[in-house]
Amino acid sequence: MKKKQRNKVLTGLLAAIMAAAMLAGCGQEENKESNQETTGAVAETETAKEQSADKEEISLVFAQDLGTDEKSNQVIQSILEEYTAKTGVEVRLESLPSADYQTWLTTQFAANRGPDVYSGIIYNMTTDYQNGQLYNFKELYDSESSYDPGKKWGEALPEYINERMYITADDVPGYPTSTSVVRIFCNKDIFAAAGAEIPETWAEFMRACEQIKESGITPFAFPNATIDDLSWLWFSNSVCGQIDHEIVAALDAGGNGYVELAEICKGMDEGKIDFDNENLQAAFTLMKEFSQYWTSDYNGLDRATAQEMFARGEVAMVQAMSINLEAIDSMIGGAFEYVVIPVPTVTKETNVNAMGKSVILGGQPDTIYGINKSLETDEIKLEAAINFVQYISSPEIQLRLAEEINRIPLSLSTQLPERLEGFVITEEPLRMPFFTGINEKLRNYFHRSGQEYLSDAITLEDFTDTINQSYREVLEEIKTENGWTADNNYGMN
Amino acid sequence: MKKTISALSRFLLGILLFLTLMPFYLLVMNSFKWSEGIVKHPFRLAEEWQFGNYVKAFGQVIRPMFNSAVVTFSVIALVLLVSVLAAYAFARFKFRGSALCYLIIMAMLMIPGFVLLIPQFIQINRLGMYNTFWGLIFPPAAASAATGTFLLRTAMEGISNSLFEAAEMEGATDLQILTRIAVPLSGPVIATIVIMTGLNAWNNYLWPLVSTTGPNTQQVTVALTKMVRTAMEGDGILFAGYVIASLPLILLFCFASRSFVAGLTQGAVKG
Amino acid sequence: MKQKSLFKLIKPYLFLLPVLSLLIIFKYIPFGMSFQKSFYNWNGANLDTFIGFQNYMEAFQDRIFLQSIGKALIVMVVQVGITVSIPLVTAELLFAMKSKRAQYVVRTAFTFPMVVPGVVVILLWKWILGGDTGVLNNILNSIGLSQLANPWLGDTKTALPAILAIGFPWIGIAALGGMQFLVYFGALQGIAGDLLEAAKLDGVNIWQRFWKIDVPMLASQLKLMVTLVVISSLQIFESIFILTKGGPGTSTMVPAVYMYEQGFTYRRMGYCSALGIILFGFILILTVFNNKFLKKAEVVE
């Protein structure tokens with residue numbers, strides 16, 4: 001008999017739940033509640049507001065990879081609310097966790113549900129543009145911005161950033177608003193205890209590492225687990241760029257001081273790129289020597305854990321960006337002081353061919369805002385989207401983000417706040433993006449074979465051979481995709 | 001001899017229990033700490049107990065938990081319904097195409113998840129189920145129904161045929177046999193399916209992430225990854241959120257376990 | 001009369017209708033779309049050209065993909081081994097306890113950790129497997145076995161075994177040991193009391209009882225679990241994706257991670273679908289073989 005009672009209860013419960021589900025499912029269409037407590041969502045109130053307003057309500061879906069930092073979310077949210085108060089256009093924020101941002105975007109676009117405005121890194125925005133997902137910003141660059149009048153919008157950017165944004169002479173995927181500046185954080189206490197000095201040159205750097213190692217502490221936490229940790233690619237960029245700096249002149253057919261993708265293809269075909277050359281081999285050897293000062297599990301170490309180790313005082317140095325400042329500070333909790341330094345300069349003491357200037361880790365256009373190409377069919381919405389993008393990339397907003405969440409601004413008219421002084425760019429820009437300027441596939445190849453090279457699974461010769469092969473394979477694909485050949489000068493004019 | 005074996009087995013059991021409970025302990029322990037405590041000594045008890053973590057987490061997970069509860073219960077109900085019917089068919093009837101139908105059901109489990117993500121999303125959009133509870137219920141239910149049918153079929157086949165025949169001779173319809181004999185005797189397996197389906201539905205992450213938006217349908221797993229916290233607080237709030245979010249699951253376990261045991265004792269008597 | 005037998009004929013299909021329609025609408029139709037796209041060069045957006053079997057030809061020559069299948073097989077063997085051993089041993093140990101009350105309490109305690117989501121367990125094991133400061137290495141160092149200490153996840157040779165070790169003793173992991181533990185324990189409790197009594201009276205010791213009574217009675221459950229674990233282990237994804245994304249090098253590259261890379265990182269959706277279809281076919285064949293093999297074992301018993 002108990003069974004029957006229980007069955008009745010269960011059936012009743014079931015019915016109640018299915019009813020609730022149906023009601024809730026229906027409730028989705030109407031959406032009368034606006035739940036302001038939950039993060040990130042200013043709810044779309046279509047029916048209710050539409051009836052009361054006499055003009056048409058425009059609302060935009062804006063997606064950004066903000067992560068879970070409360071401050072960042074709050075700042076962005078208040079910026080959006082101010083915009084709505086100013087213009088009446090509602091902006092709904094989709095804040096995604098970084099790990100799944102790309103998956104989410106790709107899936108939404110596949111079903112034609114891509115957000116109206118979203119931000120991303122240069123590689124993804126370029127790919128998205130080539131996939132026909134993004135609106136072309138070229139004309140916008142040549143006109144004035146409503147929020148930064150007096151000059152062409154494109155000219156508010158530093159020259160090398162501006163150049164980098166042109167995929168071809170006629171295609172621009174979006175507008176960048178910040179750049180990443182990676183610095184090496186040095187624990188002053190550990191340095192002092194080991195009798196080491198904060199290094200400026202590579203030779204000093206190696207000496208300091210040796211001293212710290214002898215004092216019993218691991219010098220550097222270098223995360224090398226996955227591409228997302230970025231360190232190997234960028235550091236190699238810098239060191240290779242410092243030693244093999246003459247390759248820039250050799251490849252820079254266009255003469256703007258930067259080697260673009262088309263020029264890399266051209267250079268490869270003309271045999272000017274060969275990773276077996278002594279300069280590049282020397283660079284890789286330097287990195288290998290450097291790796292002896294890393295934690296033993298570097299191929300399994302990720303960025304977050306590396307920074308935690310630094311905060312715990314277990315290692316003397318770690319790489320981080322300005323946006324990690326607050327997190328690192330709160331983990332350290334005032335236990336020690338630190339300074340930030342750029343990648344040490346490789347001087348002639350270490351290698352006779354060195355340029356003698358450091359090359360930046362980072363410095364590429366970042367937080368690029370793009371507009372969904374499908375908005376081209378709706379002029380009003382397109383205008384609103386453009387207006388919105390110009391607003392959030394205006395100098396005032398960039399300054400605010402610099403002050404509140406430590407993003408390095410790009411706008412030439414923005415002054416860096418004091419706290420970010422250590423992040424002022426003093427190094428040479430990255431003129432030859434050896435391993436980061438081509439595409440995701442090459443980055444993957446380089447990263448994985450790098451792991452093997454560093455851990456002695458393959459020799460230096462094998463490693464350079466693999467990079468050469470990877471370069472050839474990837475560049476062939478790129479040439480085919482773009483229709484570049486020697487005859488049409490690789491699409492350059 | 002017996003005593004040492006018994007003591008040894010208790011010891012072994014104790015170690016297994018300890019190792020199994022370790023993640024749970026760490027989760028609870030670190031939910032009371034802030035970033036500094038978690039990063040510096042994850043295994044130790046909290047120095048300053050941050051109960052505020054729970055308060056902050058609660059506000060962010062309560063509505064998603066309700067949403068997840070709706071979806072999870074619905075998925076369990078739907079899975080039980082279709083699995084019981086299907087398993088009964090396989091166990092009781094011999095019919096043409098039974099092997100093929102079974103293969104069709106089983107084959108579904110072998111489709112790697114990513115292959116389906118985008119097509120399933122496009123499909124749900126076409127059916128107009130984007131951002132609805134229906135869109136959250138049906139695909140996971142389809143996936144769990146395959147396992148459910150699989151498990152239930154074996155359970156029902158294990159029930160002695162004489163019971164069914166006796167009932168049939170007394171003029172019972174199939175539905176009656178199903179509800180009065182087959183289902184009660186499959187108690188333990190049904191409880192297992194409830195637990196497994198419940199776990200999978202509750203912990204489902206990627207699908208809710210892409211197929212819903214906004215607070216009305218947000219599932220708890222998605223809410224947890226988006227939970228905002230300050231740099232000072234660090235992951236403690238996230239862990240607190242996980243603990244809160246696991247409470248309904250624990251309730252589900254207890255509820256299912258009781259019928260589990262009840263079904264068992266019944267089965268033992270009959271057996 | 002005719003009406004009755006017609007009804008009887010279609011009755012089984014009526015019972016199957018709900019589950020089949022659910023599966024067809026929400027799984028097989030998307031699967032069909034995926035199958036179709038595997039013959040295309042599709043990037044999820046503007047590129048969508050028919051290229052016939054090209055994706056498949058490429059897949060069969062793709063060294064990394066083929067190696068990944070090998071890795072998946074390793075995962076399968078290990079996980080099947082885990083599934084039929086530790087949960088069973090634990091269930092036996094629990095079953096041997098005298099007090100039924102205590103059994104209930106301990107069993108419930110074992111099932112609690114299953115509510116901890118997978119990502120938390122993975123995070124925890126990242127701490128444990130960490131290199132210089134990881135818990136495991138610390139323990140090894142302190143008991144004098146420092147030569148065994150390794151950068152587990154950072155070494156191409158130890159990365160995959162390390163990932164497979166996650167969750168030890170796996171009873172807290174629902175799909176690998178938790179569900180199995182519950183099922184085996186339930187089955188043990190279901191073994192008729194008088195059978196066990198008779199065995200005791202006959203003076204059968206525990207070892208013999210285990211092999212002669214317990215295992216045969218649990219045979220069907222064991223087979224069930226093996227089949228399920230074979231299917232799921234070949235699709236392993238989350239732990240590898242979060243920890244190493246297939247690295248270091250390609251030492252932990254399993255098919256599912258490779259598919260994700262091709263589809264979502266390189267945007268080669270068509271190729272990703274083709275890989276998925278191939279993996280599906282592989283699992284299907286393996287499962288059919290598995291079933292035949294298990295059936296033979298049944299006959300022998």
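How many of the 13 residues of strand β6 of chain A are buried? In this predicted model, the count is 13 of 13, and the strand, spanning residues 175–187, is mostly covered.

**View 1. Strand β6(A) and its pairing with β10(A) and β11(A).** β6(A) runs antiparallel to strand β10 (residues 362–371) of chain A, to which 5 bridges join it. Within this pairing, A:T179 has A:P365 of β10(A) as its bridge partner. Strand β11 (residues 408–409) of chain A is also antiparallel to β6(A), with 2 bridges between them; here A:S178 is partnered by A:P409.

**View 2. Strand β6(A) and its pairing with β8(A) and β9(A).** Antiparallel pairing with strand β8 (residues 315–321) of chain A extends over 5 bridges, and A:F185 has A:V318 as its bridge partner there. Strand β9 (residues 338–341) of chain A pairs with β6(A) in the antiparallel sense over 4 bridges. In β9(A), A:V340 stands opposite A:F185.

**View 3. The contact between chains C and B.** Here 68 residues of chain C meet 67 residues of chain B. Helix α1(C) gives the most to the chain C side, with 16 residues. That side comprises 50 nonpolar, 16 polar and 2 charged residues.

**View 4. The contact between chains C and A.** Chain C contributes 26 residues and chain A 29 residues. On the chain C side, 13 residues are polar, 9 nonpolar and 4 charged.

**View 5. Helix α9(C) and the residue C:G203.** C:G203, which follows α9(C), has a positive phi near 80°.

Note on methods
Residues are numbered from 1 along each chain as its sequence is written. Chains are lettered from A and ligands numbered from 1 in the order in which they are written. This is a predicted model: local features need pLDDT of at least 70, side-chain atom pairs count only at pLDDT 80 or more; totals for chains, interfaces and linings use all residues. Two residues are in contact if their C-beta atoms, placed from the backbone, lie within 7 Å. Ala, Val, Leu, Ile, Met, Phe, Trp, Tyr, Cys and Pro count as nonpolar, Asp, Glu, Lys and Arg as charged, and the others, Gly among them, as polar. A residue is buried if 20 or more other C-beta atoms lie within 10 Å of its own, exposed if 12 or fewer, and partly exposed in between; C-beta atoms are placed from the backbone. Two strands pair if DSSP finds at least two bridges between them.
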